[in-house]
Every structure is written in C-alpha cells, then in structure tokens.
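Walk through this protein one piece at a time. Keep the structure in view as you read.

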Amino acid sequence: MIRALMLAFVAALAACSKENSAQQNAPAPSAAPIKLGFIVKQPEEPWFQLEWQFADEAQKQFGFSLVKIGASDGERVLAAIDNLAAQGAQGFVICTPDVRLGPAIVARAKAKNLKLFTVDDRFLGVDGKPLEDVHYLGISASKIGASVGVALAAEQLKRGWTNDETGVIAVTFEELETAKERTDGAIEALVGSGFPAARIFKAPTQKSEIPAALDAVSALLTQHGDVKRWLVCGMNDNAVLGAVRALEGRGFGPDSVAGIGINGTDCIVELEKANPTGFCASVLLSARQHGYQTCEMLYRWIKDGVEPPLETRTTGVLITRANFKRVLKDQGITR
Ligand code: FCA
C-alpha cells in the first residue's frame, strides 16, 4: 500500500517537472484576450437577456471574453465592478439599477482603471442632470413614445371609440429620464391627434415591473368607474402588461382595451396567445444594437483607442399580432 502510494507520488512529481520544462520551452503566451463586463439591472427581463445574447455574438465575432453580471442595487453594482477589475477586465457596459448611482459608478470605474459605457438608462449627476460626458447608447425615447401615441390614436379611430367614452392610462416612471420621455411623447402625440388632455390619467410607478404597474393601475381604476374604453401606454412592455392585467381584473377585455408597449421583446408570449388580449402591439427596439454595438464600441476603444461617440440613439418598429412573427424572425430574435 505504502509502496503504491510512493510510486504514485514519484510519478506525479515527474509529470509535474515535465510540465514545467514544457512551459519553459514554450513561446511566451500572446497577450491575454480583452475582457469586458456587461452589467444589467434586471437580468430576468427578456429585454436584458436579448442584450446579453447579442453581446455574446459580439464576443464570438471579435474574440474578447465577456462576463455578464445582473446587479439589482448599488451595492451589487459596486461589487460587480470590483469583481471585474479583480478578473482583469478592461471595461464594462452597464444598464444601472438606479441612474442616481452614476457618479459613484464613474468614480469606481476610474479607480479600477476600467472603461465605462452606459446603455438604456442614462446616469444622472448630483445636480439631477444627465451625465453627458459618460458614453451612452439609448433609444430615441420621445420619438418612440410619440409613435406609440400615434398608433393608439389610430386604434381608437379604427375601433370607432368616441373621446367621451374613452380614457388613456399612462403608466409612468418619471424619475427615469428615458421612461418619462417615452410617456410624455405618447401623451403629446395623443393630445396632438385631438384626444382631450383631461381624459389622460397617469398611474405612477417607481419600478419597471409588471406587479408595480398592476397595483398603480388598479388604484387608478377605482377612481374612474365611468370610463368604458381604455387606451394604454407605458415605458415598456411590462408596464403595459401590468395595466392590461389590472384592467382584466375589472372586466375590461380586448374589446374595450388597446395597450401598446415598448421593447417588443417582453410581450412575445402575450402576442402568441391564441386569443387576443388588450395588449395589441409594441414598438420593437433594437436589442442587437444595445447588446452587440455597445460591446463592439467598447472593444475598439480598448483595443485600438477609437473613442465611441458620447451619445448614440436607436429607433424602433411597430409590431402587432399580425406581423410580429415575421419581424422578430427578420431581426434574429426568434427562429
Ligand atoms: C430601460 C427599460 C428596459 C428597456 C430599455 C431600453 O432600461 O427598463 O425595459 O426599455 O430601457
């Protein structure tokens, strides 16, 4: 037994020294590949899963390595940055869980010598104004919101709903610039199309999640029992889905509700349902640009010193139950 153990020990030593000499003779390894992080605030949201999917495509295309981290609060974000630095990353893309963390994130990235690229939600400075000197890629929020408003007005017309029987619910999240611009854009377009401002009601939320929207809209509905038909907008698909669920709870179905979301990625299951619901359309954003292009820009910045533009804005296209399958397939989101 002892002899067998000793033999194994000697064999292990020999293997070890062989490995060492092989290492000594091997050519110096080429520089380690560039490593990037991609931190998102809500990894459970299909939108962010798609951003990661497209970031993975960029990783394959350019040969950097990618570390994906979900971080739902400030503590987790700072820990994620430290973790990336400890792993030898050179930069990261981030959609922050709270835009007011901006200055702290900038400071931590600088201290750790990491390049920083923000996506979706733009950082705010201590004065509450956007940090315009931090690189950012986001949607053209006002325009996309306006396109929702125009599409809702068209739905109203198509359905022959009069202004007197109809109300608008805007599920708002006004602390977040991109969210406020979206709902403001939708409201402005509806008013511009002749819808009475006095029949547009805001359901404020502090979180971008279905339950938060459901609660806010349920509370609002108790105050407006006289409205027969509802048009619904919000910052994204989940805001509108929460509203549609709250309306269903009060007996409003697809004949009396028209809700239009934004993202186009978090409503696929809804649009696939055999029977229509009050959620009738969405503006599909470009998850590819938000995931792939941000990584590409950050990679080239690190590798070749090509600084990306400080601000890049993306657009969207309207998808409905009639065309969503084809459009999602064309954009590489579904097979
Ligand atoms: C924000 C929203 C996401 C998505 C993104 C572009 O981060 O929370 O759902 O709309 O902007």
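**Two helices side by side**

Start with helix α5 (residues 141–159) and helix α6 (residues 177–192). They pack at an angle of about 35°, and their axes are 6 Å apart. Those are the two values by which packed helices are described: the angle between the axes and the distance between them. The crossing of α5 and α6 is right-handed.

Which residues of α5 meet α6? Among them are Ala141, Ile144, Val148 and Leu152. On the α6 side, the residues include Thr178, Arg182, Ala186 and Leu190. The contact of α5 with α6 divides into 11 nonpolar, six polar and five charged residues.

Before going further, a word on confidence. This is a predicted model. The average pLDDT of the protein is 92, and 91% of the residues score at least 70. Residues 1–29 have a pLDDT below 50. Where pLDDT is low, the predicted coordinates should not be read in detail.

Six strands form an open sheet, in the order β7-β6-β8-β9-β10-β12, with mixed pairing. β7 (200–204) and β12 (316–320) stand at the edges. Each has a single partner strand, so one side of each is left without a neighbour in the sheet. On average, neighbouring strands of this sheet are turned by 20° against each other, direction ignored.

Look at one pair in this sheet. Strand β8 (residues 229–234) and strand β9 (residues 257–263) pair in the parallel sense, over three bridges. Here tryptophan 230 stands opposite valine 257 in β9. Helix α5 packs on the sheet and touches β6 (166–172), β8, β9, β10 (279–285) and β12. The direction of α5 makes about 160° with that of β9. Helix α6 packs on the sheet too, touching β6, β7, β8 and β9. Its direction makes about 165° with that of β6.

There is another sheet to find. Six strands form this open sheet, in the order β2-β1-β3-β4-β5-β11, and the pairing is parallel. Its edge strands are β2 (65–70) and β11 (311–314), each of which pairs on one side only. From one strand to the next, the twist averages 15°.

Within this sheet, two bridges join strand β4 (residues 115–119) to strand β5 (residues 136–139), and the two run parallel. Threonine 118 stands opposite tyrosine 136 in β5. Helix α3 (residues 74–86) packs on the sheet, where it touches β1 (35–40), β2 and β3 (91–94). The direction of α3 makes about 170° with that of β1.

Finish at the ligand. What surrounds it? The residues around the ligand include Glu45, Trp47, Cys95, Asp120 and Asp121. Ile139, Thr178, Ser208 and Asn236 are also among them, as are Ile262, Asn263 and Leu285. This shell divides into five nonpolar, four polar and three charged residues. Notice Thr178: this residue is in the shell around the ligand, and in α6 it takes part in the contact with α5.

Conventions. Residues are numbered from 1 along each chain as its sequence is written. This is a predicted model: local features need pLDDT of at least 70, side-chain atom pairs count only at pLDDT 80 or more; totals for chains, interfaces and linings use all residues. pLDDT is the predictor's confidence in each residue, from 0 to 100. Two residues are in contact if their C-beta atoms, placed from the backbone, lie within 7 Å. Two strands pair if DSSP finds at least two bridges between them. Helices (H or I, at least four residues) and strands (E, at least two) are DSSP runs, numbered from the N terminus. Axes are lines fitted to C-alpha atoms, for helices over the stretch in contact, and angles run from 0 to 180 degrees between N-to-C directions. A residue is near a molecule or strand if its C-beta atom, placed from the backbone, lies within 6 Å of it. Ala, Val, Leu, Ile, Met, Phe, Trp, Tyr, Cys and Pro count as nonpolar, Asp, Glu, Lys and Arg as charged, and the others, Gly among them, as polar. A crossing is left-handed if the near helix is turned anticlockwise from the far one by less than a right angle, and right-handed if clockwise.
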